[in-house]
Amino acid sequence: MMRTALLLRRLSANPLWSLVLTTTAIATAATFAVSCNNGTTEGSTDSFDRRSMLRNIAENFIIPSYSELQSKVNAMQAAVNAFTASPSEAALRAAQQAWEEAYTAWQYACTFDFGPATTSTGTLFQKIGVFPTNAARIEERIQQRNFSTDDFSRDTRGFNAVEYLLFSDSTLAQIISRFSNPDRRQYLQAIVADIKANVDATANAWQRYRAEFITNDGTSVGSSTSMLFNEFVKSFEHIKNFKVGLPAGKRPGQTRPEPQKVEAFYSGKSVKFIREHLQAIEMIYLGMHRRTGIDDLGFDDYLRSVPNGAALVISTLAQLELVKQRMNALPDAPLSQTIVSNFAVVDAFHTELQRHTRFFKSEMASLLSLTITFSSGDGD
């Protein structure tokens, strides 16, 4: 059942084979499409065991991802508290490392921004994942001793606000010096506590919601299949539109690149988080478990159960390889610097992300009879 996907991944590790594979796959996809248009049927339209796919996603993706995020956020809070209690270079480095590990865990949980992640005050992503952060307003709030997290100034808190406070000066000594201000220490503690409270609430609620998620296995709007699909596509588009497109000046209304709007601007780790996020997206599509590599039921299997779906899987994986080739061509440097020094390589990556959108979005929605319920605002 998974042989095609496994073969593609093994061959794509070799650059020469990757090029041959891409060309062959696109040609094969076209052949499949022609064949199917001539009446070949690969599967019935509703024979797939969606409940088993949803069980795999819940038990091997969502619950473990939120559990790991909880653990890493707890570690981040402990490291931040140790740093603010006794600022030192060693304590600052520990807090920075804990932030990076927690934010890496977030890349694997952020796609599941539905169900218990949605409350009357917004989604978990809106509460802890917003970037770019508003440095001027953070400094203003520290000066005003405004430690509230109950308003909608979401660009003043969350993971990227923590990053600003822990990384924004050029030397460790300068950062530590600024934390001689007790209000700065209190602000950092408050926004880390807010991240923990929101992650704890979502992770614990998903434990209770798991059974409902698995059994709500229809395809109508509001079903688990529909919510998962929409958040999966939205998460991919977040990479394209905001992690790459926004700093590259590709969003509607922009007239030039704005490199300071990259994710994780102050730590310079934007590319690392893009890679982690895209890997999370690929694993969900394949149903492949992150820790064990077990290839279980995912969207690729769902597609193979419907007419023309197998051809779409082949062409999707071929295009995804092109996306990864362009991503891997990004230098190991801050993305904000690469946008200035080598814009062509960033532009090429964004182009392949743009080309990939139709495979995950319109074509997949059409074959699976799922409705896109969100607007990305860019006409895709």
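Is arginine 358 buried, partly exposed or exposed? With a relative accessible area of 43%, arginine 358 is partly exposed, because buried means under 20% and exposed means over 50%. The model described in this report is predicted.

## The surroundings of arginine 358

Arginine 358 lies in helix H15, which covers residues 343–368. When its neighbours within four places in sequence are left aside, arginine 358 is in contact with Glu363 and Met364.

Arginine 358 and threonine 316 are separated by 42 residues along the sequence, and the distance between their C-alpha atoms is 9.2 Å.

## Salt bridges involving helix H10

The structure contains 27 salt bridges. One of the pairs is formed by lysine 240 and glutamate 237, whose closest N and O atoms are 3.0 Å apart. Both residues belong to helix H10 (residues 224–245); because they are three residues apart there, about one helical turn separates lysine 240 from glutamate 237. Lysine 240 and glutamate 237 are both buried.

Lysine 243 and glutamate 263 are both buried.

## Further salt bridges

Lysine 261 and glutamate 258 are joined by a salt bridge between their side chains, at 3.1 Å from N to O. The two partners fall into separate classes of accessibility: lysine 261 counts as partly exposed, because its relative accessibility is 25%, whereas glutamate 258 counts as buried, because its value is 14%. The cut-off that applies to glutamate 258 is that buried means under 20%.

Salt bridges can also join several residues. Glu100, Lys269, Lys272 and Glu276 are linked in a network of this kind.

## The largest pocket

The largest pocket holds about 510 Å³ of space. It is lined by 22 residues, and those closest to its centre are Asp113, Phe125, Lys234, His238 and Phe242. Helix H5 (124–128) and H10 are the elements that give two or more residues to this lining.

The contribution of H10, seven residues, is the most that any element gives to the lining of the largest pocket.

Methods:
Residues are numbered from 1 along each chain as its sequence is written. This is a predicted model: local features need pLDDT of at least 70, side-chain atom pairs count only at pLDDT 80 or more; totals for chains, interfaces and linings use all residues. Side-chain values use heavy atoms; hydrogens and water are left out. A salt bridge is a side-chain nitrogen of Lys or Arg within 4 Å of a carboxyl oxygen of Asp or Glu. Helices (H or I, at least four residues) and strands (E, at least two) are DSSP runs, numbered from the N terminus. Buried means under 20% relative accessible area, exposed over 50%, partly exposed in between (1.4 Å probe, protein chains only). Contact means heavy atoms within 4.5 Å. On a 1 Å grid over the protein atoms alone, a cavity is a set of points where a 1.4 Å probe fits but cannot get out, and a pocket is an open set with protein on both sides within 12 Å along at least five of seven lines; lining residues have an atom within 4 Å of a point. Grid points are joined across faces, edges and corners, and a volume is the space filled by probe spheres set on the points.
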